[in-house]
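Please open the structure in your viewer and keep the selection tool at hand.

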Amino acid sequence: MRKRLLTAAALGAAGLYASSRKKERLGVSYQEARRKVVIVGGGFGGISAFQQLSHSFAGSDELGVLLLDRVNYTTFWPMVPSAISGNVEVRHMAYPLRRLVIPRGGEFFQGEVVGVDFERRKVRTEFGECDYDHLILAPGSQTAFFGAKGAKEHAIDLKGLREALEVRGRIIDRFEEAERLRDKAPQGLLTFVFVGGGPTGVEGVADAHDLIFDVLKDDYPNVDFDRVRLVLVNAGERILKGIDPSLANAASRRLAAQRVEVINNTKVDEVSPKHVKLSDGRTLPAHTTVWAAGIQPPPLVEGLEVEKDKRGRIIVDEYMRVKDRPGVYAVGDCITIDYDGPPVPALAQSAEQEGRSAALNLAAEIRGEEPIPFRYQHLGQLVDLGETGALTDILGVRVSGLLGALIWKGVYLYELGYNLNRAQVLFDWTVDLFTRPNISKLFVD
């Protein structure tokens with residue numbers, strides 16, 4: 001009943017927001033433009049840069065913009081762990097890039113970017129080369145395994161929607177085995193280890209709890225659910241390091257109430273198909289390990305001839321310009337900013353602000369105006385702790401529990417930004433009021 005009241009309140013509070021404004025359009029296409037801008041990456045940073053350029057040059061034939069990405073959709077990353085519990089349809093957390101780009105007068109090509117020839121000003125892709133006069137690099141990141149033996153081969157990397165579906169499918173598989181084997185089930189079959197005490201790891205283990213105890217329990221009558229063990233391994237002193245300690249403590253209490261075992265100050269040294277070895281010498285029998293412990297630059301960045309920091313990230317100045325590469329900007333998880341401000345966290349809001357700043361300064365460069373230094377503004381953070389709980393810190397106002405979950409739903413419903421997705425997610429939440437999520441393993445390799 002609490003879950004239904006909470007979701008109903010979220011639906012009523014958020015409503016179906018629809019924008020009737022006509023989208024601002026660039027005046028010329030990329031292929032016909034004299035001045036060409038290429039954006040590499042359709043994540044938060046790349047989309048933010050594109051939208052700002054379409055605003056700054058609305059109706060102008062001064063430049064054309066091409067967006068490149070290896071997939072044809074953008075993912076709403078903050079909701080990815082929700083795919084594990086299944087209360088939102090996976091397709092509704094993504095949106096076609098063409099439907100973002102084409103109405104604003106840009107062009108989109110799907111393809112893997114494999115390199116950049118800075119001297120010839122060409123982006124190399126799997127289908128050929130694309131010319132540019134100005135370039136914005138926003139390729140995102142890949143998961144870092146920190147040298148843990150077997151982690152890349154045997155752990156599920158919780159990096160995107162496909163991987164979240166894999167986690168969901170793997171959990172269901174384990175319960176199928178447990179139902180069949182009953183008392184003969186091996187030790188660790190129903191142990192699920194999540195590595196990483198940041199928001200993704202915490203949300204992942206919370207959504208796994210919801211899947212197991214709220215969705216699967218009635219479908220497996222011969223499984224002893226007291227044998228289920230959920231473990232969160234965290235290298236730091238406490239989980240959610242970048243979040244206010246009071247909220248992090250509330251999250252710890254919430255996880256404890258959900259029977260999640262949190263192991264702090266410990267790293268994972270080795271992952272195998274049937275166990276996890278920890279740095280404190282312990283070995284956890286576990287047939288399922290999910291990795292959400294860190295990020296590093298993607299292969300594209302590794303091959304770029306640009307100045308980088310010791311972690312391999314592109315160094316940009318306070319105007320988001322890549323050092324010694326005229327006309328080239330970079331934003332998102334793959335950069336470090338050489339300026340007098342504090343370190344910028346690898347968050348969606350950071351990438352959005354960096355993308356907007358890069359586009360504004362690119363426009364200033366074209367128009368002969370002075371660029372504006374980047375200054376990061378932390379707007380807050382949201383962490384999902386399951387159906388009836390969440391942590392929210394918005395401009396210093398901190399809330400947890402049921403009210404936090406209500407705010408989480410309302411904010412993310414608004415931030416989805418696309419009318420179709422809002423309607424679809426609202427529909428998903430409404431259906432979730434009355435039914436359990438479907439556990440059919442469709443579309444899983």
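**Before starting**

This is a predicted model, in which local features need pLDDT of at least 70 and side-chain atom pairs count only at pLDDT 80 or more, while totals for chains, interfaces and linings use all residues. Residues are numbered from 1 along each chain as its sequence is written, and side-chain values use heavy atoms, with hydrogens and water left out.

**Stop 1: the nonpolar cores**

In soluble globular proteins, nonpolar side chains tend to be buried together. A nonpolar core is a set of buried Ala, Val, Leu, Ile, Met, Phe, Trp, Tyr and Cys residues joined through side-chain atoms within 4.5 Å. Buried means under 20% relative accessible area, exposed means over 50%, and partly exposed lies in between (1.4 Å probe, protein chains only).

Select Met-79, Ile-171, Phe-175, Phe-192, Ile-212 and Leu-240: of the 60 residues in the largest nonpolar core, these touch the most other members. The element that gives the most to this core is helix α7 (residues 199–216), with 8 residues. Helices (H or I, at least four residues) and strands (E, at least two) are DSSP runs, numbered from the N terminus.

Next, centre the view on Ile-212. Which residues does Ile-212 touch, not counting those up to four places away in sequence? They are Ile-171, Phe-175, Phe-192, Lys-217, Phe-225, Val-228 and Leu-230, where contact means heavy atoms within 4.5 Å.

A second, separate core has 54 residues, including Leu-66, Phe-118, Leu-135 and Tyr-339.

**Stop 2: helix α7**

Because 15 of the 18 residues of α7 are buried, the helix is largely enclosed by the rest of the structure.

**Stop 3: a buried loop residue**

Select Gln-258, in the loop between α8 (245–257) and β14 (260–263). Gln-258 is buried, with a relative accessible area of 5%. Leaving aside neighbours within four places in sequence, Gln-258 is in contact with Ala-206, His-209, Asp-210 and Leu-385.

**Stop 4: salt bridges**

The structure holds 15 salt bridges, each being a side-chain nitrogen of Lys or Arg within 4 Å of a carboxyl oxygen of Asp or Glu.

Select Asp-340 and Arg-375, whose closest N and O atoms are 3.3 Å apart in a salt bridge. Asp-340 lies in the loop between β22 (335–337) and α10 (348–367), and Arg-375 in the loop between α10 and β23 (380–384), so the pair ties together parts that are 35 residues apart in sequence. Is Asp-340 buried or exposed? At 67% relative accessibility, Asp-340 counts as exposed, whereas Arg-375, at 45%, counts as partly exposed.

Salt bridges that share partners also join Asp-117, Arg-120 and Glu-129 into one network. Within it, Asp-117 is buried, with a relative accessible area of 17%, and Arg-120 is partly exposed at 45%.

**Stop 5: two loop residues with positive phi**

Select Arg-121, in the loop between β6 (113–117) and β7 (122–125). Phi of Arg-121 is near 55°, a positive value in a residue other than glycine. Then select Asn-265, in the loop between β14 and β15 (268–271). Phi of Asn-265 is likewise near 55°, and Asn-265 is exposed, with a relative accessible area of 52%.
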